[in-house]
Amino acid sequence: MTKRRGYVLMTALIALVVAISAVIYLTVGADDGTARGTLTDDRPHHDSSAAPASTGTWVGSWATAPVGGEPGTETEGLAGHSVRNVVHANTGGTSARITLSNLYGQSPLTLTHASVALSAGNGTAAADPASMRRLTFNGATGVVVPPGDQITSDAVRLAVPHDSDVLVTTYSPTPSGPVTYHPHARQISYVATGDHTEDATGTPYTAQTPYWRYVTALDVLSNEAEGTVVAFGDSITDGITSTTDADHRWPDLLSDRLRTALESGGRLPRYSIVNEGISANQVLASGLGRPPENQRGLDRFARDALSRPNTKVVVIDLGVNDILRNPGLADPDRIVAGLRTLVAQAHAHGLKVVGATLMPFRGHRGCTGTREAVRQQINAQIRTGTVYDAVVDFDKALRDPYDPRRLRPDYDSGDHLHPSDRGFARMAEVFDLRSLEGGGQTEL
């Protein structure tokens, strides 16, 4: 090869490298990481609240499971209304982000405005004005969430104290029904006509609702917690008979107990706890519709438990509805096999699973002797230690010592199935906090 031909070849190679580098640069620059949702506003936003303020670990501070499409919203959704959800932050942090779901929508959900703020107090739609933050989605104030999908906001700098109420507000200008909701919130939220997303007074929010709409998670960048515990269950975990606006569900009370133990110098895992209970949920059977409402535990486990940020431990209290709502006689072996499938999925993600025995229900309208026998068979298998990594015996803790097939009267809400506030407190009290040790290493 001549020197001249060598120079020509070298020049061509350099040009090729430059061209390839330019393509890679442009491709990476064009990828904004948006996996879900379509942005409706690509204007830049320079609010200093839009970036995390410090280091820490992203954990779940609050969560709920989408249950179905809200009746009466099938066509219009909540077009022209601001929805102000009140959620309770069990764990504090220095930055926050929220997840919005259109799982049960049959058309795109257009959100032109969303905000997050600290509540000004209990029982009010008013916000602390200094805490009001406009939410963005990959830098845009608006987003379109396709049917069956969800979207997570950008992080905003916001000091969220633990045990505080947080307001998550959205505005949708166009019909987008049905509304994805969680019906048994045990928390009053608010609705206003028009776009009042950043109204801190709360005055326009004249309508109240017992539902959570669209919002399914509040995550925080936390120095208080290094992982998330997911409580996965049915109405007992959902807290359907707990006092409204009091945060007396057993996962809330367990979170308080864990924090108190840590503040007292206890050598325990620093975990947040979120509630993924759905009233009437079953291990094996889903509701009707596409996607099915009240999706069975086997099908929703990946979404509601495994995908939470930095999940370490899952606590499962599920199975009683498979007994009570089965038109025939439930097969205890099938129910236990379903529970073992959930445990196997958790183990595949490196997570620990604590499982609960099923509490008594004598006196409930669905109770029969044969159904009681099925409950006893399931509990016997759970107690052998061959289903879960660790067991919390809620049955033993809450049953009536004079009639073990019933809830103890002061732990009974009155329907002979769901605990009272005192019963929920007892559930949190008997939970062995040391069983949370050895959680997984999943990083999401």
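Let's begin with a histidine: at 27% relative accessibility, His416 counts as partly exposed. Bear in mind that this is a predicted model. I picked His416 for its backbone: phi is positive, about 70 degrees, although the residue is not a glycine. You'll find His416 in the loop between strand E24, residues 403-407, and helix H9, residues 421-430.

There's another residue of that kind, Asn294. Its phi is near 50 degrees, again a positive value in a residue other than glycine. Is Asn294 buried or exposed? With a relative accessible area of 15%, Asn294 is buried, because the cut-off for buried is under 20%. His416, at 27%, counts as partly exposed. Asn294 sits in the loop between E19 and H4.

The peptide bond joining Arg290 and Pro291 is cis, with omega about -5 degrees. Pro178 belongs to the loop between strand E12, 164-172, and strand E13, 180-182.

Which strands form it, and in what order? It's an open sheet of three strands, ordered E3-E13-E16, with antiparallel pairing. The edges are E3, residues 68-69, and E16, residues 212-213, and each of those pairs on one side only. Between E3 and E13 there are two bridges, and the two strands run antiparallel. If you want a pair to click on, Gly68 stands opposite Tyr181 in E13.

Now for some parallel pairing, around strand E20, residues 311-317. Seven of its seven residues are buried, so E20 is largely enclosed by the rest of the structure. What does E20 pair with? One partner is strand E18, residues 227-233, in the parallel sense over six bridges. In that pairing, Phe232 has Ile316 in E20 as its bridge partner. Another is strand E21, residues 352-356, also in the parallel sense, over four bridges. There, Val315 is opposite Val354 in E21.

Last stop, a helix pair. Helix H6 covers residues 332-348 and helix H7 covers 369-383; their axes come within 9 Å and cross at roughly 40 degrees. That makes H6 oblique to H7, because angles under 35 degrees would count as roughly parallel. For handedness, the crossing of H6 and H7 is right-handed.

Which residues make the contact? From H6 we have Pro332, Asp333, Ile335, Val336 and Arg340, and they meet Val374, Gln377, Ile378 and Gln381 in H7. By type, the residues of this contact split into five nonpolar, two polar and two charged.

Terms used
Residues numbered from 1 in each chain as written. Predicted model: local features only at pLDDT ≥ 70, side-chain atom pairs only at ≥ 80, totals over all residues. Heavy atoms only, no water. Axes fitted to C-alpha atoms, helices over the stretch in contact; angles between N-to-C directions. Parallel < 35°, antiparallel > 145°, perpendicular 65-115°, else oblique. Left-handed = near helix turned anticlockwise from the far one by under 90°. Contact = heavy atoms within 4.5 Å. Nonpolar A, V, L, I, M, F, W, Y, C, P; charged D, E, K, R; others polar. Buried < 20%, exposed > 50% of the residue type's maximum accessible area, 1.4 Å probe, protein only. Pairing = 2+ DSSP bridges.
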